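Trainee: I should be grateful for a close look at one part of this protein. Please describe how the part is placed and what surrounds it.

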Amino acid sequence: MIKTAIIIPLGLLLIACGQNEDGMATAMPPMPMAQQEIAIERTTDFTQVSRGGKLFQANCAECHGAGAEGDPNWRARDAEGFFPAPPLNGTGHAWHHPQKMLHYVIKNGSPGEQGKMPAWGDRLSDQDIDDTIAWFKAKWPQPVYEAWYRMDKKKAGG
């Protein structure tokens, strides 16, 4: 009985993890708890995404990569003790953050001693920032987007 109590949770933990191309474990987005849970339908404003793509290429691609793939070593602090630019394409941790936090970090820069991202609020309008976020969210696979959407609504109180 004790072995079962240990093995089942351990097995579930292993199932919840995936691997990236380097063979390192990565957390996978939570999957729907019930089969009858309704899939989230994306509403995409293609004009906004297009504007966001241009803004991303002009302002963000230098650090985050042209495809928002981030620095390959984004999980490890650099020689100065900062984390390099993470992927924003759904393979990193950006989807763990609500819309308001994504906007805040772009506008105000990396929090604390975490990264080197500068504040963009003096160069990008709130609309520019939202357009940029719309572009990289459009790159997220559907399960990642659905996990983010549910989390964002929960954080927003809805």
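The request and the reply below concern helix 5 and its surroundings.

Trainee: Which residues of helix 4 and helix 5 make the contact between them, and is Thr132 buried or exposed?

Mentor: The mean pLDDT over the protein chain is 82, and 76% of the residues reach at least 70. Helix 5, which spans residues 126–137, has the highest mean pLDDT among the elements of the chain, at 98, whereas helix 1 (residues 2–15) has the lowest, at 41. Over residues 1–19 the pLDDT is below 50, and this stretch has 13 contacts in the model beyond near neighbours in sequence. Where pLDDT is low, predicted coordinates should not be read in detail.

As for the setting, the protein chain contains six helices and two strands, arranged along the sequence as α-β-β-α-α-α-α-α. Of its 158 residues, 34% count as buried.

Now to the packing of helix 5. Helix 4, formed by residues 99–108, packs with helix 5 at an angle of about 120°, and the two axes are 10 Å apart. Helix 4 is therefore oblique to helix 5. The crossing of helix 4 past helix 5 is right-handed. On the side of helix 4, the contact is made by Gln99, Leu102, His103, Ile106 and Lys107. Helix 5 contributes Asp126, Ile129, Asp130, Ile133, Phe136 and Lys137.

Thr132 also belongs to helix 5. Its relative accessibility is 2%, so Thr132 counts as buried, the limit for that class being under 20%. Apart from neighbours within four places in sequence, Thr132 is in contact with Gly52, Leu55, Phe56 and Cys60.

Glu80 and Gly115 are 35 residues apart along the chain, and their C-alpha atoms are separated by 9.8 Å.

For the chain as a whole, the accessible surface comes to about 10,500 Å², and carbon and sulfur atoms account for 60% of that surface.

Technical notes. Residues numbered from 1 in each chain as written. Predicted model: local features only at pLDDT ≥ 70, side-chain atom pairs only at ≥ 80, totals over all residues. Heavy atoms only, no water. pLDDT = per-residue confidence, 0-100. Helix = DSSP H or I, 4+ residues; strand = E, 2+ residues; numbered from the N terminus. Contact = heavy atoms within 4.5 Å. Buried < 20%, exposed > 50% of the residue type's maximum accessible area, 1.4 Å probe, protein only. Areas by Shrake-Rupley, 256 points an atom, 1.4 Å probe, with all protein chains shown as cover. Axes fitted to C-alpha atoms, helices over the stretch in contact; angles between N-to-C directions. Parallel < 35°, antiparallel > 145°, perpendicular 65-115°, else oblique. Left-handed = near helix turned anticlockwise from the far one by under 90°.
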